[in-house]
Amino acid sequence: MRALNFSSGPAMLPEEVLRKAQGALVDLDGSGIGILEHSHRGKEFGKVLDRTEAAIREVGGIGDEYAILFVTAGATHHFAMVPENFLGEGQTADYCDTGIWSGKAIEEARRVGNVHVACSSGPAFDATPRELTFSASPRYVHYTSNETIYGTQWAAAPAAPAPLICDASSDIFSRPFDLTNHALIYAGAQKNLGPSGISLVIARKDFIATGATNLSPLAQYRTFSAEKSMHNTPNTFGVYVIGEVAQWIRAQGGLAAMSERNARKATLLYDFLDQSKVWRGHAQPSSRSLMNVTFRGATKDLEDTMLARAEARGLSGLRGHRSVGGLRASIYNAFPEEGVQRLVELLDDVEHGRA
Ligand SMILES: Cc1ncc(COP(=O)(O)O)c(C=O)c1O
């Protein structure tokens, strides 16, 4: 039996996709060769790449003015790659500081050029900021749509006077999104899309063209765009899984259906936390993440009891991030509603001494 895995990433993927991938490891689409064994330059993988891109475009409603790129690296790679490509001398990039991930992006950008912090929700990081103060003429404005560790999420993209760049690693394809004013979106795949070590980039072609030209080819977004993510051997298996997940999302009813389901799951848990006498949510209601629900128990003992009981009931991955402690339930697209119900029952049982 599969556990109910609340891990923040790598995280649960749809079981249908995993079963299909299991078959494709041995034989991709009846070719007699497994996905790990096919040449990336061959016809079969070409079809996989095309259908993955097509499914992403369809699910995300992404037009031809945007390039779809598969970069063989996680989201952290883009913390450096974004400023290296787009933050030139004498320019300033504005960053929204909403938690540990945006903090890391800021740190990397500072190595490259001038950074202006347009807003910060620290030190508590329990809400997305309402007030943003931009620099005179930002090159771009970077934000993290969902802060995986603190469990906050922007309800909508910030209004900005410059092209937006978004780290959407932990909420991509969890709800419909408005591409307006977005120059580039990047997302590590290991939460809502597929395996770790590969990231999806959705970037305006005209914005890519403005990037630096003095970097090595694999450090430039334009190389991925010009060469269809095939400058070198891509993560073929990662591309395959992302394509299968995108097709699964489409079959579930697309992003509107994902959003409804995710809202139902998160509401169940937040409603429970709101009425509890011993469990308390971290994020302020207006900024609550639908993907990562962070909370604490009244005592450390209670949290430890809950974690021990959780394992016994087949619920795993509920410990909060090592940097902030507490508890966290990551409930991405593929996480079943029934699993959230089981968590609520467990929390209620521990609260009332029944477990
Ligand atoms: C919002 C966000 N950005 C960036 C990262 C880092 O991703 P990676 O480990 O793939 O570099 C993570 C975590 O995995 C994340 O949640």
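**View 1. Asp206 in helix H5.** Asp206 sits in helix H5, residues 205-208. Helices are DSSP runs of H or I with at least four residues, strands are runs of E with at least two, and both are numbered from the N terminus. The model is predicted: local features need pLDDT of at least 70, side-chain atom pairs count only at pLDDT 80 or more, and totals for chains, interfaces and linings use all residues. Residue numbers start from 1 along each chain as its sequence is written. Is Asp206 buried or exposed? Asp206 is exposed, because 11 other C-beta atoms lie within 10 Å. The cut-offs are 20 or more other C-beta atoms within 10 Å for buried, 12 or fewer for exposed, and partly exposed in between, with C-beta atoms placed from the backbone. Asp206 and Ala283 are 77 residues apart along the chain. Their C-alpha atoms are separated by 37 Å.

**View 2. The whole protein chain.** The protein chain contains ten helices and 14 strands. Its C-alpha trace spans about 60 × 60 × 30 Å along the principal axes. Of the 355 residues, 47% count as buried. Take contacts between residues at least 6 apart in sequence: 64% of them join residues at least 24 apart. A contact here is a pair of residues whose C-beta atoms, placed from the backbone, lie within 7 Å.

**View 3. The ligand shell.** Which residues surround the ligand? The shell includes Gly9, Gly74, Ala75, Thr76, Trp101 and Thr144. Also among its members are Thr148, Asp167, Ser169, Ser170, Gly188 and Ser196. A residue is near a molecule if its C-beta atom, placed from the backbone, lies within 6 Å of it. By class, the shell has two nonpolar, nine polar and one charged residues. Ala, Val, Leu, Ile, Met, Phe, Trp, Tyr, Cys and Pro count as nonpolar; Asp, Glu, Lys and Arg count as charged; the others, Gly among them, count as polar.

View 4. Gly9, one of the residues around the ligand, is joined to Pro10 by a cis peptide bond. Omega there is about -5 degrees. Pro10 lies in the loop between strand S1 (4-5) and helix H1 (15-26). The bond from Gly122 to Pro123 is also cis, with omega near 0 degrees. Pro123 belongs to the loop between strand S4 (114-120) and strand S5 (141-144).

View 5. Phe125 is not a glycine, yet its phi is positive, about 50 degrees. Phe125 is found in the loop between S4 and S5. Phe125 is buried, with 24 other C-beta atoms within 10 Å. Asn181 is not a glycine either, and its phi is positive, about 70 degrees. Its loop runs between strand S8 (164-167) and strand S9 (182-188). Asn181 counts as partly exposed, because it has 15 C-beta neighbours inside 10 Å.

**View 6. Domain 1 against domain 2.** Domain 1 covers 16-252 and domain 2 covers 254-351. These bounds come from an automatic or database domain assignment. The domain centres, taken over C-alpha atoms, are 27 Å apart. The contact takes 23 residues from domain 1 and 25 residues from domain 2. On the side of domain 1 that touches domain 2, strand S7 (152-153) and helix H7 (236-252) each supply at least two residues. H7 gives the largest share of that side, three residues. That side divides into eight nonpolar, ten polar and five charged residues.

**View 7. The largest nonpolar core.** This core has 99 residues. A nonpolar core is a set of buried Ala, Val, Leu, Ile, Met, Phe, Trp, Tyr and Cys residues joined through C-beta atoms within 7 Å. Leu69, Ala187, Leu200, Val201, Ala203 and Ile331 touch the most other members. H7 supplies the largest share of this core, eight residues. At least three core residues come from each of domain 1 and domain 2. Ile331 touches Phe6, Lys265, Ala266, Met291, Val293 and Val340, not counting residues up to four places away in sequence.

**View 8. Glu16 and Val245.** Glu16 is found in helix H1. Glu16 counts as partly exposed, with 14 C-beta neighbours inside 10 Å. Glu16 and Val245 are 229 residues apart in sequence. C-alpha to C-alpha, they are 9.3 Å apart in space.

Notes. Two residues are in contact if their C-beta atoms, placed from the backbone, lie within 7 Å.
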